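Here is a short report on one protein model.

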Amino acid sequence: MTARTGPPEVDLGVVEGCDGSFQPTVQLKYVDADDLYLTWRWEHAPDEPRVLYFERAAVAGVLAELAAALPTPLPGESIERALTRSLGEGPLTAPEREAALLGRLATALIPYHLGRELDLLLERGIRPRLRVQPSPSTGQVPWEALRVDVTERLVEHLDVAALPPATVRHSPERVVSPWDPAGPVVAALDPRVPGPAARTGLGSVLGPVGEDSPLVAMVAALGDRLRPEVPPAEAFRRSGLTRDVLQPLLADAARFLYVGHVTTGEHGLDARLHLGCGPDTTGRAAPLGGHRPLTAADLVLGHRPEAPTPWRMPNRVALVACESGGEVRFAEPTGLVAAAIHAGAEYVVSTRWTLPTDAGVRRFAPGADAETSVIARAVLAVDAAGDAPDPVVALNDWQRGELARWRETGAVAHAPFTWGAFTTAHG
């Protein structure tokens, strides 16, 4: 578990008393300054924080390697070039190169002292939980996938979640929505966005969904919990899924599953969901290509200027879309994930980087063929995690399974450019 060398004098007293009667949870927070500062504290010992810093020169290189490996377009880069660079030329489709990169990241970012504390618990058969609040420079690090041993990854030792900022978690206006395992599920599955999809890049993310698709079976399994109510095969690529349709449904729902497009703006509150809203819909974003996106600011402040009413979110929210959790790359992380948590969500699944569609993987990734599918399996896993007793563990279980298949087969369908993108914010 120890990811780097360091000074031998490590005080393990903070975890000495853990006896397995509860799951020890550590909060690890990163802060960007000239150097990279970090602090961690165990939730059972809040008055004993640790503080360290890494010299920027020691971490900048490997973070740049990660950015160059991901399918998120770099400044001035087209999505086609980004996919060629990442899937066709980068390390995330090559097991040995990918493992080496994720090992260098672990060595650079996981402090030796924390590694020893975690080791002590693991040696006693106690599985800790790690909650990470990244800084902008570490916002795309796939913590779950970090290689911390010769072959093993962080998620194989720990349960790993994202930690929302304290200002969001402890906002005086925040009231967490209750969880009802049998409650309604609002699903916006690849909603049809008005306007010229080819020009705006807002076409289908799932592609054709046949009646024999596992995705249709997923929707059918929801039964009368599904909102809006529709035959399962007709739940995909629907027109008319607007903010005015979804807002009242979400207020009474148990969870929300969104599969579609998210785009980021110049600041977190401008992060956008793309629904079926036409240009005449009210909201805080300017119309784009025949529709008006729904922003994080709309969720927090309300989208009707004449009577602004903040949205109410269900206990569990999943945003299966490109960089839906990309707000952590801003100095003020106030995007869609923070908006959902502020509006009542306890768990929010999001992604750290651009998700290649199945069509993109088949075109650009070596070894992919006409049957290679990544997005549908991710949607199935995220949906199942939403109904699990502990969504963090459930999503981690899927990642552990994908990792095992990746390690065993090296098949691009199980490469970490998909499963490593996902994280669950637990507020």
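This is a predicted model: local features need pLDDT of at least 70, side-chain atom pairs count only at pLDDT 80 or more; totals for chains, interfaces and linings use all residues.

A disulfide would need the two sulfur atoms within 2.5 Å. By this rule, the count of disulfides is zero. Cys 277 is accordingly in no disulfide, its nearest cysteine sulfur being that of Cys 322.

How exposed or buried is each cysteine? Cys 277 is buried, at a relative accessible area of 0%. Cys 322 is partly exposed, at 24%.

| Residue | Relative accessible area | Class |
|---|---|---|
| Cys 277 | 0% | buried |
| Cys 322 | 24% | partly exposed |

## An enclosed strand

Strand β4 spans residues 129-133. Five of its five residues are buried, so the rest of the structure largely encloses β4. In a regular strand, side chains alternate between the two faces of the sheet. Which residues of β4 lie on each side? Arg 129, Arg 131 and Gln 133 are on one side, and Leu 130 and Val 132 are on the other. Both faces are covered.

What does β4 pair with? One partner is strand β1, residues 25-32. The two are parallel and share five bridges. Within this pairing, Leu 28 has Val 132 of β4 as its bridge partner. Strand β5, residues 159-162, also runs parallel to β4, joined by four bridges. There, Arg 129 is bridged to Asp 159 of β5.

## A helix with one buried side

Helix α3 covers residues 79-89. Its buried residues are Ala 82, Leu 83, Arg 85, Ser 86 and Leu 87. They sit on the same side of α3, because their arc around the axis is only 165 degrees. What covers them? The cover includes α2 (56-69), α13 (358-364) and α16 (416-419).

Where is Glu 266? Glu 266 is in the loop between β9 (262-263) and β10 (272-273). Arg 192 is 74 residues from Glu 266 in sequence. In space, the two C-alpha atoms are 25 Å apart.

Key: Residues are numbered from 1 along each chain as its sequence is written. Side-chain values use heavy atoms; hydrogens and water are left out. Buried means under 20% relative accessible area, exposed over 50%, partly exposed in between (1.4 Å probe, protein chains only). Two strands pair if DSSP finds at least two bridges between them. The arc is that of the directions from the helix axis to the C-beta atoms. Contact means heavy atoms within 4.5 Å.
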